Structure formats: structure tokens, C-alpha cells
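Here's a quick briefing to go with the model you're about to see. Have the viewer open and follow along.

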Amino acid sequence: MSGLEKFYTHARADQPLVCLTASSAPMAQSLAPHVDLLLVGDSLGMVLYGLPSTQEVTLEMMKAHGAAVVRGRDAAGISIPVIVDMPYGTYEASDAQALETARALIEASGADGVKLEGGLRMASRIRAITDAGIAVMGHIGLLPQSAPDEGGYKIKGKTPEGVTRLLEDGRAVQEAGAFSVVIEGTIEEAAAEITQALSIPTIGIGASAACGGQVLVTEDMLGLLHGQKPKFAKEYKTLRNDISKAAQAYAHDVRIGAFPSDAYLYKGSKK
Ligand code: KIV
């Protein structure tokens, strides 16, 4: 069974779908046994590269990280889909541009599909890609690629008009052939209405348990990041503290001459 078929089977079983982002091969290998889908999200621009927004992420970055995650998933021997984000500025101009970018991403990474941001506005881009046989995940609600132009990260669906717009977006994405849709940054009632209205699985991030599944940015979930974090980002670990402690212990050992000790030396005769 292909990764996407498995994803549909779990969705039909009415079990919440579990998704996480990944950007490297070892991370993908560790996560793959526990999730239904790995997303190579363009949030990697911020959480990995320290960029101010996802608008600076390039197609080359997404190709390279997509390929790394596919290698990690394959090394784990787990059949789950890997979906790669289409970066800002690579699909909005025309259907032809969107299809060209989607093809380039799939060819370079070996991923199972792409994700792009936008509802009604992006429906014909999604249709162009799905008509070519490439799986598309939609993304509605708070759209990080648009946030810098909207003056920040704003929660959606807080008014009846907002919910109506989100419903239109969700329906447009589904009708354009998307296999699933991410709902980001909405109030619970909005996410519940959209999830009930659609037959494709909705995957929430900051959108409540009313969605058909959840996704988190793995660096948030592992507590790797410093500074402010979004309200929805539950830290299941605080690895930044463990990393700091490990670096401190290593630095101490090197400075007192305790590392490398005998066990870490290559041995051989001088002759
Ligand atoms: O880029 C990303 O990580 C995403 C998730 C927030 C869904 O799009």
C-alpha cells in the first residue's frame, strides 16, 4: 500500500491523523514510525535557518530538504507520504508556474506530493497540479507566507463572515482535487464547521482538536527553539536545555583533558 493510500485508510478509520514536520534525514527516520505523514514545511526557513519569515525560503532549499526527508523515511522502511511545501513566489503567478514548480519539487525530492497556501484564490493552481497527477495538500486559515504582508500572524474565523470565507476556501481546495487541507490558526468553531463540511481530512495547527488530525512543527514540539513560541506549540521535550548541558559537559571535558580518553583513540603499531 502506498503512503498516500495508508493515509486515506487511517482517515477513513476516523482516527485523528498524526503529522509532523521534518527537514533532515535522521529526524525523518526517527519520526516516521510514529506519524501518518511527514511535512517538509517551509517553516524550516525560520526554525532551521533563522530567517525572519517563510518568504525568504527558496525552491532549492525545499528540493534539498525534501530529498533528505525522503531518504530518512526510506531508511526507516515506513510507507508514509512525504509532502513538500511550495515556497513563496514559486506558484502564485500562474497555473503554468505552479505546475512547473510542483514537478520540479517532486522530481528533485522524490516526495509524494506538495502543499501550497491559499483557498479560493489558489484553486486553479491546485487544479492544474492535481490534473497532472501530483497530490496536493491545501493550507487555509492563517497563511504564514502572507503574514508579513498582513502585518503579522492573525487568527482567522473569529467572525461569521470570517467563517464563511474559510468554508469557501476549504470547499474550493477540495473541489480542486486536494487530498487533505491544513487549517492553521482558527478558533475551534470555525475548524469544526470546515471539518464537518469537507470530505477530505483537515489537519489542524493552532485550530483545535475539531480537525481530522494534527500537525506540529517538530522543532516546536521538541523544545529546540529559543524565544517566543506560538500558543498552540506544546513542547513535549525541552531539547534546547539538553543541548546546552551536553555542550557544557563536552567543553568541560576538553578543557580538563578528559576527552578524548583512551576509549576514543585509534590504536596501531608505529611500524
Ligand atoms: O511550514 C510549515 O511547517 C507548515 C505547517 C505550519 C503546517 O506549513
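How many of the five residues of strand β6 (residues 180-184) are buried? Five of the five are, so β6 is largely enclosed by the rest of the structure; "buried" here means under 20% relative accessible area, "exposed" over 50% and "partly exposed" in between, with a 1.4 Å probe and protein chains only. Keep in mind that this is a predicted model, where local features need pLDDT of at least 70, side-chain atom pairs count only at pLDDT 80 or more, and totals for chains, interfaces and linings use all residues. Residues are numbered from 1 along each chain as its sequence is written, and side-chain values use heavy atoms, with hydrogens and water left out.

**The big picture**

- The protein has 11 helices and eight strands, taken as DSSP runs (H or I, at least four residues, for helices; E, at least two, for strands) and numbered from the N terminus.
- For 271 residues, a compact globule would have a radius of gyration near 18 Å, and the 21 Å of the protein agrees with that; the radius is taken over C-alpha atoms, and the globule rule is 2.2 Å times the number of residues to the power 0.38.
- The C-alpha trace spans about 75 × 40 × 35 Å along its principal axes.
- Of the 271 residues, 46% count as buried.
- Take the contacts (heavy atoms within 4.5 Å) with a separation of 6 or more: 58% of them come from residues 24 or more positions apart.

**Surface and charge**

- The accessible surface comes to about 13,700 Å², with 55% of it belonging to carbon and sulfur atoms; areas come from the Shrake-Rupley method with a 1.4 Å probe, and for residues only the protein chains shown count as cover.
- There are 25 positive and 31 negative side chains, and the centres of the two sets lie 8 Å apart.
- For that count, Lys and Arg are positive and Asp and Glu negative, with His and the chain ends not counted; each charge is placed at NZ of Lys, CZ of Arg, CG of Asp or CD of Glu.

- Strand β5 (residues 135-141) runs parallel to β6 and is joined to it by five bridges; strands count as paired if DSSP finds at least two bridges between them.
- Gly-141 stands opposite Glu-184 in β6.
- β6 also pairs in the parallel sense with strand β7 (residues 202-205), over four bridges, and there Ile-183 stands opposite Gly-204.

**Onward to β8 and β1**

- β7 and β8 pair in the parallel sense over two bridges, with Gly-213 in β8 as the bridge partner of Ile-203.
- Strand β8 (residues 213-216) is also parallel to strand β1 (residues 17-21), with four bridges between them.
- Cys-19 stands opposite Val-215 in β8.

**Two buried lysines**

- Lys-115 lies in strand β4 (residues 113-115) and is buried, with a relative accessible area of 2%.
- Not counting residues up to four places away in sequence, Lys-115 touches residues including Asp-85, Met-137, His-139 and Val-182.
- Lys-115 and Ser-180 are 65 residues apart in sequence, yet 9.5 Å apart in space, C-alpha to C-alpha.
- Lys-63 lies in helix α4 (residues 59-76) and is buried too, with a relative accessible area of 19%.
- Leaving aside neighbours within four places in sequence, Lys-63 is in contact with Ala-104, Leu-105, Ala-108 and Ser-109.
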